[in-house]
Amino acid sequence: MATHALEVRSLTKVIGKKKLVDDVSFSVEKGEIFGLLGPNGAGKTTIIRMIVSLIKRTDGAVIINGTNLDEQYKDAMSEMGAIVENPEFYKYMSGYKNLKHYANMALKEVSDERIKEVVKLVKLEDVMHKKVKTYSLGMRQRLGVAQALLHNPSLLILDEPTNGLDPQGIREFRDYLHTLAGQGMSVLVSSHLLSEMQLMCNRFAILEKGKLIHIASMNETSEIDEAKEVVFEVDNSQEAVDVVKEQIEVSSIKVISDQQFSVHINRAGIGTINRLLISNEIDVFGINRVEATLEDRFFEITNQGVKEEVK
Amino acid sequence: MISLIRNELMKMFQKKSSWIYLIIILIAVIAGGIISNAVAGEPDEDWKATMKAEVEELQKSADEASEGEKQYIQEQIQQKQQYLDKDVNPDAQSNWHFMNEVVYGVTILVTLLSVIVASASVSSEFADGTIKQLLIRPHQRWAILLSKYISILIYALVLLLTMIVSGYLVGLIAFGNGDFSAKIFEMAMDGQKEAAVGPQFFLKMAYYLPSLLIITAIAFMLSTLFKSQALAVGIGIFVLFVSSTLGGLMVFLAEKYEWAKFVIFPHLDLTVYALQDKILGDVTLPFSLMILTIYYAIFMILTFVFFQKRDISI
Ligand SMILES: Nc1ncnc2c1ncn2[C@@H]1O[C@H](COP(=O)(O)OP(=O)(O)OP(=O)(O)O)[C@@H](O)[C@H]1O
Ligand SMILES: [Mg+2]
């Protein structure tokens, strides 16, 4: 059996009488970027805290690269690099000293060259020797990424890592994550910025009220022959809608503006409508499929409360 | 472990406050030197004659005084006579006298500053949120906590050494090098105790160390209990001051109740054993040390067990 980069088995956290995390199991493959999605308070941070041993597990096991956290704590911890919520630093020390501090704590020696390399990677060379209290939120976030990567971990655990990054920074960060994953690094990332997750993850788990309700892979969201919303741009939208309604049976068709109407239809239907419009001398300027975003899917799943079998 | 301790020391000495505390000790010692030099005035060459005259004066007033006063005056005469008999100058000045009388007093500051540093140690990591990054490293929690504790002890010793070395140097400059084993009398509960000045100072230092150890242990325990640095430091200082008051209270309680002897407070200041052999009636040094050891073990176990189990949800 191939070992997973991270395997989480029936993770449970109970505080008082409240189940913050309820029997959550999933695994992250090598080189995979795995997302944890869920609304505020769903338990993402709690799951991550249990994986990195900041809080005790009420129940469940965490296995990293085949190493059980309970049996070989140091070895398992050494495989991880993490950011939990906002990374905090010793503000009275320079960014470099902060990194040096964490480098000293690694099991395998982290050379000064490695520190410089990581600093360069997160583009903090210019402020490396300034005190952290002078850093902006985004700079601290980058330093957070740097401290997580310092010791060459095989598993990166990131809790809302793009919090505080500017759009440019988010884009760079995303590209960088893909590069890392391409090199074989596995990533567990949580966020409620869903559109961003869509661009970032290979697979994702949807959490609600501490329960894992669905694990899906990204390709699943773009299945081809599903009825989707399609927007047609025509010279007279009202006339076009009347023609379509007359000729074929469609469920949700509506006028958006003078020149636009939308209809819920599958691939084959798009061609049919297009031919129909042209034969009725209505000019078609454009046809756009509105991609169902992860966000839609997310709301779809959480709102219905569908509890699908976890695969 | 060594690298963990080195890290803690690095953090400690990157903080300005750690240096400021060292400077405070220096200033206190220097101020002590300047003040006692100013107060001392010219040394009285003929101190024996002066003292004899004083004794005669007292003798005269004793004849006229009432019964109650008479006893008090007699005691004073006796004390002064002792100085004359043993040839000990009560106003003698030297660097060692300065160490024993003035520099020794600065240990209060050493304790206070050690308590401040100890109670900030873990609580500041919570207050700044840095604790979560510290504990996701490949080290057991107890090892990280131990490295913090050891670094505090090292810092406390640095404070103490700063006090002793600067005290010696300031004394040397202000009063010149004196006889290390010059005789002195120290006031104790049961009359005056004869001692040699240098050894007496180091005896006090030796008795001071266990107190420093246990008081910093209490402060360290508080620092793991509270997430707020200000609260931990505040309560640490509060405990420090209340303990001396309670120590005094226990002296009275011990006369009536046996259990008062097992309360930690009267044992916190062992330096009294430099002056007398027994406290609280019949309590001796080994007993005090045993009590302190038991409390120390309890505090340490509580601290480490609590920290090991604690959920870090900052
Ligand atoms: N120490 C605690 N004691 C009690 N309840 C807690 C504690 N920490 C978190 N919770 C509760 O656990 C639930 C999950 O919190 P968690 O921080 O894991 O959510 P999250 O998914 O990370 O949310 P967000 O998107 O806001 O970061 C919340 O309902 C929260 O109120
Ligand atoms: Mg969270």
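Student: Where does S10(A) sit?

Tutor: Strands are DSSP runs of E, at least two residues, numbered from the N terminus. S10(A) lies in strand β1 (residues 6-15) of chain A. Keep in mind that this is a predicted model, where local features need pLDDT of at least 70, side-chain atom pairs count only at pLDDT 80 or more, and totals for chains, interfaces and linings use all residues. Residues are numbered from 1 along each chain as its sequence is written, and side-chain values use heavy atoms, with hydrogens and water left out.

Student: What is the phi of S10(A)?

Tutor: Near 30°, a positive value in a residue other than glycine.

Student: How do I read the size of an interface?

Tutor: It's often given as the accessible area lost when the parts come together. Here, buried area is what two parts lose on being put together, summed over both (1.4 Å probe). Between chain B and chain A, that's about 2900 Å², with 54% from carbon and sulfur atoms. In chain B, I136(B), R137(B) and P138(B) lose the most area to chain A, together 22% of what that side buries.

Student: How many residues does each chain bring to the contact?

Tutor: With contact meaning heavy atoms within 4.5 Å, chain A brings 29 residues and chain B brings 29 residues.

Student: And how many salt bridges cross the interface of chain B and chain A?

Tutor: The rule wants a side-chain nitrogen of Lys or Arg within 4 Å of a carboxyl oxygen of Asp or Glu. It finds 1 across this interface. The side chains of D311(B) and K13(A) meet in a salt bridge, at 2.7 Å, N to O.

Terms used
Chains lettered and ligands numbered in written order. Helix = DSSP H or I, 4+ residues; strand = E, 2+ residues; numbered from the N terminus.
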